[in-house]
Amino acid sequence: MHSIESFGTHDGPGIRLVIFLQGCKLKCLYCHNPDTIDTSGGSLMHIDELVEKAVKMKPYFSEKGGVTVSGGEPLLQSKELISFFKRLKQEGIHTNIDTNGRILNHFTKTLLDDYTDLVMLDIKHMTEEGYKAITGVPNNETTFTFAKHREASGKKMWLRYVLIPGITNIPELLHQMGSYFKNYKTIEKIELQPYHKLGIHKWKALGWNYQLKDTRENTDDEINTAVEILKNYFKKVKVN
Amino acid sequence: MEVKQFNYGIWTDEVNVRDFVIKNITPYYGTHEFLVGPTARTKNLWEICKKATKEERQNNGVRSVDTNTISTVSAFDAGYIDKKNEVIIGLQTDELLKRTMKPFGGFKVVQKALSEHGLVPNETLTELFSKYVKTHNDGVFDAYTKEIKKYRSLGFLTGLPDNYARGRIIGDYRRVALYGINFLIESKKDDLAKIKGPMTDAVIRLREEVSEQIKSLNEMVELGTKYNLDLSRPAENAQEAVQWTYMAYLAAVKEQDGAAMSLGNVSTFLDIYIQNDIQEGLITEVEAQEYIDQFVMKLRMVRHLRMGAYDEIFAGDPTWVTEAIGGMFEDGRTKVTKTSFRFLNTLYNLGPSPEPNMTILWAKDLPENFKSYCAKVSIDTSSIQFENDELMRKSRGSDDYGIACCVSHQDLGKSIQFFGARTNLAKTLLLAINGGRCEITGTQIVEGIEPCNCEYLNFDKVMANFKIAMKHVARVYNDSMNIIHYMHDKYYYEKAQMALIDTNPSINIAYGIAGLSIVADSLSAIKYAKVKPIRNEDGLTIDFKIQGEFPCYGNDDDRVDELAAKAVADFNNELKQLSVYKNAEPTMSVLTITSNVSYGKKTGATPDGRAMGIPFAPGANPMHGRDSQGAIASLNSVAKINYEDSQDGISNTFSIVPKSLGADDSSRTENLVAILDGYFSKKAQHVNVNVLNKETLLDAMKHPEEYPQLTIRVSGYAVNFVRLTKEQQLEVITRSFHESM
């Protein structure tokens, strides 16, 4: 585990207990939690203890809230998450995973199909080259295979998309994404996350080189244009 | 008496405002959309007030002072802001924002306050009070022991109301409107006749008090006459109901300058009259809001003469005109009415403001529309606070109550409170480590505690010593309280307020503690890490070295939260053992006002790693920056302090940046409602909510003139941020602003 935020308001519906797991196989250029990447870091925590924390927070969840597991990449620990989420479901708590969707093994499928109320799937880039440029590794359709699996299971999904001027915030890419997903029934909404540089100091602290130094943030107009395009394809478009 | 339009009940024959409200209330479940903006008259008046408060700030916090008159209920001619525009009239003096001398609390204090503005009281008064007239302050110091003075001067007991008026008593100001003063006088006369011998101290005292109350009621009639108002009879319409209620409150703040002088819960009561007038077609929503706007404006203009040092414990020139809004009746109906909304609406019509200190009595079953509106107002203005109605109603057995000062339940018209400031619990813990000596001066404070000579602090030993220290501090604290309240009754009795309260009400004494989070984290460090005391040549511990990690209060971790809850329970138990003047019931609060800064200054290094002089966290808050798991974990920790052990209140101040509360307005409102429902379901008692960006505060420090109405909640009340000292401003800014990634 990397850390806990007991008042998450930007990681799924309502008020959420957000558990940031340690470890990710990607190294996205804009990652704002680079300290969660190293798979050998973090600390161990008992599932019992996490369940207890969630139960103590239950009165704050109201109708919508619950637990979100984020990271790092939570699906690296799919097997362990099954027991965690199983316990949460017994307690009647809403479960949500924030993922890049690269892993889809037997454990992942059980976790997603049986115990995960909502998946927030991060669409890094619609093209193979773009994906590799951002994450450092090839996509090989993994994101799309993952989405198809979720769609087939009939369970809810949100898409998340980081808007970077000139890299992902390009009209033709947005249209491409919209066309690809427009017939998906499980997608409730797409959340746009305008690129920001708030994580830079963490890169510096790790002694890593931040390659997007010269990339600027979106103007309001650029964000609005992206929203307008995506509204043609998705029921709900939200800027987070 | 003549009662036409109302439903009858017990209230018709005897003084019982609760019964009147229960029989006549119209609960409101709708939205805020019926609300209207201010009238031109209100706007004109408010412009004058804004100009006057600006002049006040520019003139070192005081616009003018009368140095010739002792302020009493009937002192001064009528005063107006701008008569032709006023629908609710009355000022404390003949001039807006003019401060007055109320010397019976302490004449030296008045002299000091005046001298700070280059003024002196007139010669006759100076001679009278120097030679012939005794005050509360004189009486207290005649009776104080050496021991009390030592505890006081070294900062173990702080902010005691021994040189200022105790306040906290809430008159049931509604009574004047409902019954008229003649009826109240008759009722008091009946009471007086029933107070008979044998003439013990208590009986004699009570007879004298009731006689004083009757005189004061007559003075209130005289006050009304100055404004051409016949307060001897009941109010006959909505405008009069608001006016009569305000006159009753005005009488109180003319006679007394108590630290906190709450209003009670008048909004639901006034709604009955307003509802009637609207139904009968006498007024519209415009007039209804105008009455409330102008009433609230008057409450914002209440002033007392204070000396500069007062600012350290009660910063920002507060008056605590606390008005409790909302809540539920025992019968399951809500007390929310349209006038609950109208009060909150003044924060838009007149802009944000610390006064009146609007306090929402929150319950799960409040109308959803009201909950959302409160959340919206809180987010927009950071001017309101929330308290757990269900918890207090059940624990204290009353559903018609006001909030005394910041957070304390007070059954209206039935009970009063003796204010007791607070003891420094962190310093008390240091006594346990220093063989009963003050950690700064080395003065022996408590006998019978062995010095800790071991290399590392031993938890069990420290706890045993802490218990001894608590016992002694509680004893001396109790001694000082008994003296203070005896003398306050004797020399500065609140006759106007007590005239509006049942004869011989129940009393609770309101003790308090400061430094709770420091105590909890220190005990946690001693228990779960290794704490090595660093001692000076005199054997006093001047610092601590901590090896290893320990859980901190504020992370929903039972290991340390239980230590906090236990410290509260233990000290409360010590206080409960001690008998109190007038048989008052002992209760305790975890509340600091802004004194957490000055208490911190007077406290040496503590075993949690806090350096000497660093401010405490306010109230029951976790220490800044130590709550690392986000806002809910922090709230859950505070919720574990048992209200039964701290029935006078447990104050928590919650500050969050707007973006962290939610992505947009509607989710922010929704999330705040969910937080309040969740927090109070955990049996927490109180929370202040600030929704602000740190940058706003920093900018307000640089350009105070641009933020005259910027309001921020501190422990249990709100202040104009620009009226805080620089030190206090910085402390507020350093405090945890919950901000997620």
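Mentor: Let's start with a definition: two strands pair if DSSP finds at least two bridges between them. Helices (H or I, at least four residues) and strands (E, at least two) are DSSP runs, numbered from the N terminus.

Trainee: Thanks! What kind of model is this?

Mentor: This is a predicted model, where local features need pLDDT of at least 70, side-chain atom pairs count only at pLDDT 80 or more, and totals for chains, interfaces and linings use all residues. Residues are numbered from 1 along each chain as its sequence is written, while chains are lettered from A and ligands numbered from 1 in the order in which they are written.

Trainee: What is the mean pLDDT of chain B?

Mentor: Chain B has a mean pLDDT of 95, and 99% of its residues reach 70 or more. pLDDT is the predictor's confidence in each residue, from 0 to 100. For the complex, the predictor gives an ipTM of 0.92 and a pTM of 0.95.

Trainee: Back to strands, then. Which strands form the open sheet in chain B?

Mentor: Its 6 strands come in the order E4-E5-E6-E17-E16-E20, with mixed pairing. E4 (322–326) and E20 are the edge strands, each pairing on one side only.

Trainee: How many bridges join E16(B) to E17(B)?

Mentor: There are 4, and the two strands run parallel. In E17(B), B:Asn690 is the bridge partner of B:Ser655. E16(B) is also joined to E20(B) by 2 bridges, again in parallel, and there B:Ile656 has B:His738 as its bridge partner.

Trainee: Which way do the residues of E16(B) point?

Mentor: B:Thr653 and B:Ser655 point one way and B:Phe654 and B:Ile656 the other way, and all are buried. Buried means that 20 or more other C-beta atoms, placed from the backbone, lie within 10 Å of a residue's own; exposed means 12 or fewer, and partly exposed is in between.

Trainee: New topic: helix H20 of chain B. How many of its residues are buried?

Mentor: 11 of the 13 are buried, so H20(B) is largely enclosed by the rest of the structure. Among them are B:Leu516, B:Ile518 and B:Leu523.

Trainee: And what should H20(B) span?

Mentor: The expected span is 1.5 Å times one less than the number of residues. For H20(B) that comes to 18 Å, and its end C-alpha atoms are 18 Å apart, which agrees.

Trainee: Which residues touch the most other members of the largest nonpolar core?

Mentor: B:Met220, B:Leu516 and B:Ala564 do, in a core of 280 residues. Such a core is a set of buried Ala, Val, Leu, Ile, Met, Phe, Trp, Tyr and Cys residues joined through C-beta atoms within 7 Å.

Trainee: Now the contact between the chains. How many residues does each chain give?

Mentor: Chain B gives 22 residues and chain A gives 19. Two residues are in contact if their C-beta atoms, placed from the backbone, lie within 7 Å. On the side of chain B that touches chain A, H25(B) gives the most, with 7 residues.

Trainee: Last one: where are the cis peptide bonds you can show me?

Mentor: One runs from B:Gly197 to B:Pro198, with omega near 5 degrees, and B:Pro198 sits in the loop between helix H8 (181–194) and helix H9 (201–226) of chain B. Another runs from B:Glu355 to B:Pro356, with omega near -10 degrees. B:Pro356 is in the loop between helix H14 (338–349) and E5 of chain B.
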